[in-house]
Amino acid sequence: MFRVELLQHKGAAPAPGWSYVADRAFNPAQAAMAPTLSRKRGIRDAGKGGDMSSRRANAIIRHLAELDRENQRDVSIPVPVKQAKEAGARGTRAKTTSNVRRILQSQKTFRNHLDDEEAAIHNSSTAGGAGTGAGQNLGATAAMAKGSKAAVAAAAARRSSTPIVAGSAAAGSAAAKRKRASAVGTAASTPTPAPSIPETPATTATDVEGENDSEGKNKILKTEYDNDPLLRSYAPTMPSDRIIQRLLAEPPLSYNASRVGAPISSHSPRHFCCMCGYWGKIRCKSCHLRTCGLDCYKVHEDSRCGAFF
Amino acid sequence: MGTSKARPAAKAQKTSPDLPSRNLPEKTFVLDNGAYTMKAGYAADPSLSPEDVQSACSSIPNTLVKTRDNRIVIGAQLSTQVTDWNEAAFRRPVEKGYIVNWEAEREIWEQSFFEEKATARNKNLRIAAPEDTTLILTEAPNAMPILQRNADEMVMEEWGFGGYARCLGPTLNAWNDLHTLFGDSFAKSDTTIMPMDCLLVVDSGYSHTTVTPVYKGRALQRAIRRLDIGGKHLTNYLKEIVSMRQYNMVDEAYIMNEVKEAVSFVSNNFKADMERTCKANIKRQTENSVVVDYILPDPNAGKKGFMRPHDPLMHAKKKKGASSGLSAELLSEDVLVLGNERFTVPELLFNPGDIGMIQAGIPDMILQSLSVLPPALHAAFLANVLVVGGNASIPGFMERLETELRPIASADCVVRVRRAEDPIYSTWLGGSRLANNRDELSKVAITRQEYQEYGSGWAGRRFAGTI
């Protein structure tokens, strides 16, 4: 497979509407037309199942692209042509500007825009020397998953480090407690000494609420277990206003980066009968689709089974 | 009539250039531009009763439709002009939640809000003088800058609104009065309309499902996550299953959407429900069964589709024909029998892995979103989870979300999941309340003069909050 290496573009801005991206990713739009495997190998390996995992991945992606469609068939629905009289009705407004004309005439689809954006990100990331393969579809999601896992780990690490900070800050002194109570401010669940005491719901509290909260806690916290490190629950301190402002000021993620990652808790995938939707207990030996039992399998074998996905 | 009124207004605008630049027009038009329907109307006075406020908002299909007889019908006219939805094809200017095709979108907006004739009936949708109107337009999170820029340029240059604010749709929900919904007891201050401090908005719409943590009315951008499954995918999936198992419905997107809305539910015990619909068990139980019949609409007889309990003997009776004593009406109807399709389809929102998608379901997505935020904020967001969007109306959705979110969330946190009172209009209602807080609105909105002075690049940076 040939590939296009994108050279660093140093001069003026690239011509609008055109961008080259290294094509290493799987493109669902193309997959429907051209199988990724070479034709010969596809034919040779057909009976053996061949590269099942990648083929199944392709089938899934094609299926998802199918589910994403607006209409089953490609139909062109032109905007009705306006009568001259009606077109004149916009007389109150200024003349159409060049921007508007450009936008209206643009036939770009979402996919085109997304590719442009990926190319731009790719451009800037290679220029910066950081970042890898932002142009890749699956790569990006994989990186996302990795990223989110790293984030989880980081969060966990942060969580484990919090008690030390909170513990040292609290140090059993009432003053620190009051401080924490005020820190609860906007958020945070009330630290409760024992699980038997129902938690007051964490609310987006006003100052009044905050005061009530601290009073209630003073009552609750007067127990002999108060200083037991095992029983104390630690509320992480509220981030300072500066951190919040910093978070709020962050730029939005790119479209691909904001896609959700792989599930954290990985159950084994569920399979369903392709005929009736019940559990897919048996797998067709030639096409690997699942059926629930012999009834469905016979129908499948007689009418639906193709050796290819 | 409207145009002749608009003209002097436009002149007045031009002849008084010494207006202070931060003077936003009084009237505010809120437009929640969804991929399936637009929710639009002038912002209502929040002191009115909820019904009155709600009546200010109308929903308009955001689409061009080509019917079977090759007529092309636009947005607002659909409800009156189309009765036969068989083989209707759609062209939606909003792709994946973002306005992509402005050619079609302009036509729909023109027909819905600007044309005199088309908008004569509903005064609250007519924008007679854009110069004297502030527009609040929603967008989906993580939009591409080029699309945002296109939107800004179209709004300000094609129609020339006097004021304009482009907001993230989910953030507007925070402006609603949600304390009663979440059962917070403390008295709210009625004097000013302020957003919730912390709110986690789950927006499950037509094109996708997003999770947005909103802090005091502003989104925490780094934590916004998106699952690429929305109502469209559910409809298409149901269409595909039904076409495979029963009738060929591949061209009937509209009808299958109605079927989905009528029959689907989110299972709270997937395995048990699956067993109940097992072929072997279907015949035995008629009471309390999951299986239902959906009678397809018959446009020739002018009948709409509807759902009724499954009658296992009906099929046999129909085979016998007239001798079975069934009326001609019953004999002529087309029936879809829906069993496990009813709950395996919405199940995708919670288990995208069922169709091989490597993305997490909604409860997991909420945790993934929170994992990049400071831990102290987790509790506040988990205690205030608000679900909006059309999919929230699927029966069982809320219960499922809460039961799945509770065990995976930290045990210290209270988890409260609530459906907005009206999940579809919630965003619009929030926008309407924002419009009544003039100070806050002027913080996020730009005026026409500012746009003309600084251009669309500046406007984009301003809406992104960098200026």
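Colleague: Which residue stands opposite B:Thr28 in E9(B)?

Modeller: That is B:Thr134. Before we go on, this is a predicted model, in which local features need pLDDT of at least 70 and side-chain atom pairs count only at pLDDT 80 or more, while totals for chains, interfaces and linings use all residues. Residues are numbered from 1 along each chain as its sequence is written, and chains are lettered from A and ligands numbered from 1 in the order in which they are written.

Colleague: Which strands does the parallel pairing with five bridges join?

Modeller: The general idea comes first: strands of a sheet pair through backbone hydrogen bonds, either parallel or antiparallel. Here, strand E1 (residues 27-33) and strand E9 (residues 133-139) of chain B run parallel, joined by five bridges. Strands (E, at least two residues) and helices (H or I, at least four) are DSSP runs, numbered from the N terminus. Two strands pair if DSSP finds at least two bridges between them.

Colleague: In what order do the six strands of the open sheet come?

Modeller: The order is E3-E2-E1-E9-E10-E20 in chain B, and the pairing is mixed. Strand E3 (58-61) and strand E20 (446-447) of chain B are the edges; each has a single partner strand, so one side of each lacks a neighbour in the sheet. Helix H18 (residues 426-436) of chain B packs on this sheet and touches E1, strand E2 (37-42) and E9 of chain B, with its direction at about 155° to that of E1(B). Contact here puts two C-beta atoms, placed from the backbone, within 7 Å. Axes are lines fitted to C-alpha atoms, for helices over the stretch in contact, and angles run from 0 to 180 degrees between N-to-C directions.

Colleague: What is the order of the open sheet of three strands?

Modeller: In chain B it reads E16-E15-E17, with antiparallel pairing. E16 and E17 of chain B are the edge strands, each pairing on one side only. Ignoring direction, neighbouring strands of this sheet are turned by 30° against each other on average. E15(B) and E16(B) share four bridges in the antiparallel sense, and B:Asp293 has B:Arg308 in E16(B) as its bridge partner. H9(B) packs on the sheet by touching E15, E16 and E17 of chain B, and its direction makes about 145° with that of E15(B).

Colleague: Which residues of helix H9 (residues 253-263) of chain B are buried?

Modeller: A residue is buried if 20 or more other C-beta atoms lie within 10 Å of its own, exposed if 12 or fewer, and partly exposed in between, with C-beta atoms placed from the backbone. In helix H9 of chain B, the buried residues are B:Ala253, B:Ile255, B:Met256, B:Asn257, B:Val259, B:Lys260 and B:Val263. Among the elements that cover them are strand E6 (89-91) and helix H8 (231-245) of chain B.

Colleague: Is B:Asn70 buried or exposed?

Modeller: B:Asn70 is exposed, because it has 8 other C-beta atoms within 10 Å. You will find B:Asn70 in the loop between strand E4 (64-66) and strand E5 (72-74) of chain B. Its phi is near 60°, a positive value in a residue other than glycine. B:Lys96 has a positive phi too, near 55°, and sits in the loop between strand E7 (94-95) and strand E8 (98-99) of chain B. B:Lys96 counts as buried, because it has 23 C-beta neighbours inside 10 Å.

Colleague: How many helices and strands does the secondary structure of chain B come to?

Modeller: Chain B has 20 helices and 20 strands. Its radius of gyration is 24 Å, close to the 23 Å of the globule rule for 467 residues, so chain B is as compact as a globular protein of that length. That radius is taken over C-alpha atoms, and the rule is 2.2 Å times the number of residues to the power 0.38. Of the 467 residues of chain B, 53% count as buried.

Colleague: How many residues does the contact take from chain B and from chain A?

Modeller: It takes 91 residues from chain B and 78 residues from chain A. On the chain B side, helix H5 (residues 145-159) gives the most, with eight residues. That side has 47 nonpolar, 17 polar and 27 charged residues. Ala, Val, Leu, Ile, Met, Phe, Trp, Tyr, Cys and Pro count as nonpolar, Asp, Glu, Lys and Arg as charged, and the others, Gly among them, as polar.
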